Amino acid sequence: RDYKIATEILRDLDISKVNLLTNNPAKIEEIKMLGITVVKQIPLEVSSNDTNLKYLRTKKQKLGHLLNHI
């Protein structure tokens, strides 16, 4: 994914700092590299269940997502 357009919109709105709702550390780093200060990362965690547990574990293990309850 590319967050360039999102950061351009933020700059057009004179926003240079954000509280970012994400579990994805790569997203945090890319937004920082594009010139937006991430003041705070706010986790978006859902409860795991039989249907999504394997998916959430994969996101944590392979993509480094910040999921504390997995």
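**Group meeting: a walk through the predicted model**

Leu21 has a relative accessible area of 49% and therefore counts as partly exposed. The reasoning rests on a cut-off: a residue is called exposed only over 50%, and buried only under 20%, so the 49% of Leu21 falls in between. Before I go on, colleagues, please keep in mind that what stands before you is a predicted model.

Leu21 belongs to strand E1. Which residues does Leu21 touch, once its neighbours within four places in sequence are left aside? The contacts are Ile42 and Leu44. The pair Leu21 and Leu44 is separated by 23 residues in sequence, yet their C-alpha atoms are 6.3 Å apart in space.

Is Thr22 buried or exposed? Thr22 counts as buried, because its relative accessibility is 4%, and the limit for that label is under 20%. Apart from neighbours within four places in sequence, Thr22 is in contact with Lys27, Ile28, Gln41, Ile42, Pro43 and Leu44.

I turn now to the overall architecture. The protein contains three helices and two strands, and along the sequence they follow the pattern α-β-α-β-α. The C-alpha trace spans about 45 × 20 × 15 Å along its principal axes. The radius of gyration is 14 Å, whereas a compact globule of 70 residues would have a value near 11 Å. Of the 70 residues, 23% count as buried. The accessible surface comes to about 5,300 Å², and carbon and sulfur atoms account for 54% of that area. As for contacts between residues at least 6 apart in sequence, 30% of them join residues at least 24 apart.

What makes up the largest nonpolar core? Seven residues do: Tyr3, Val18, Leu20, Ile28, Ile31, Ile36 and Val38. Strand E1 and helix H2 each supply at least two residues of this core. Tyr3 deserves a separate remark. Setting aside residues up to four places away in sequence, Tyr3 touches Lys27, Glu30, Ile31 and Leu34.

Ile15 lies in the loop between H1 and strand E1, which covers residues 17-21. With a relative accessible area of 30%, Ile15 is partly exposed.

The loop between H1 and E1 also holds Asp14. How does Asp14 stand in terms of exposure? Asp14 is exposed, because its relative accessible area is 73%, and the label requires over 50%.

I close with the charged pairs. Side chains of opposite charge can pair when their charged atoms come close. How many salt bridges does a search of the whole structure find? The search finds two.

One joins the side chains of Lys4 and Glu8, with an N to O distance of 3.1 Å. Both residues lie in helix H1, residues 4-12, and they are four residues apart, about one turn of the helix. Lys4 counts as partly exposed because its relative accessibility is 43%. Glu8 is likewise partly exposed, at 32%.

The other joins Glu29 and Lys32, with an N to O distance of 3.8 Å between their side chains. These two residues lie in helix H2, residues 25-33, three residues apart, again about one turn of the helix. Glu29 is partly exposed, with a relative accessible area of 42%. Lys32, at 41% relative accessibility, is partly exposed too.

Note on methods: Residues numbered from 1 in each chain as written. Predicted model: local features only at pLDDT ≥ 70, side-chain atom pairs only at ≥ 80, totals over all residues. Heavy atoms only, no water. Salt bridge = Lys/Arg side-chain N within 4 Å of Asp/Glu carboxyl O. Buried < 20%, exposed > 50% of the residue type's maximum accessible area, 1.4 Å probe, protein only. Core = buried A, V, L, I, M, F, W, Y, C linked by side-chain atoms within 4.5 Å. Contact = heavy atoms within 4.5 Å. Rg over C-alpha atoms; globule rule 2.2 N^0.38 Å. Areas by Shrake-Rupley, 256 points an atom, 1.4 Å probe, with all protein chains shown as cover.
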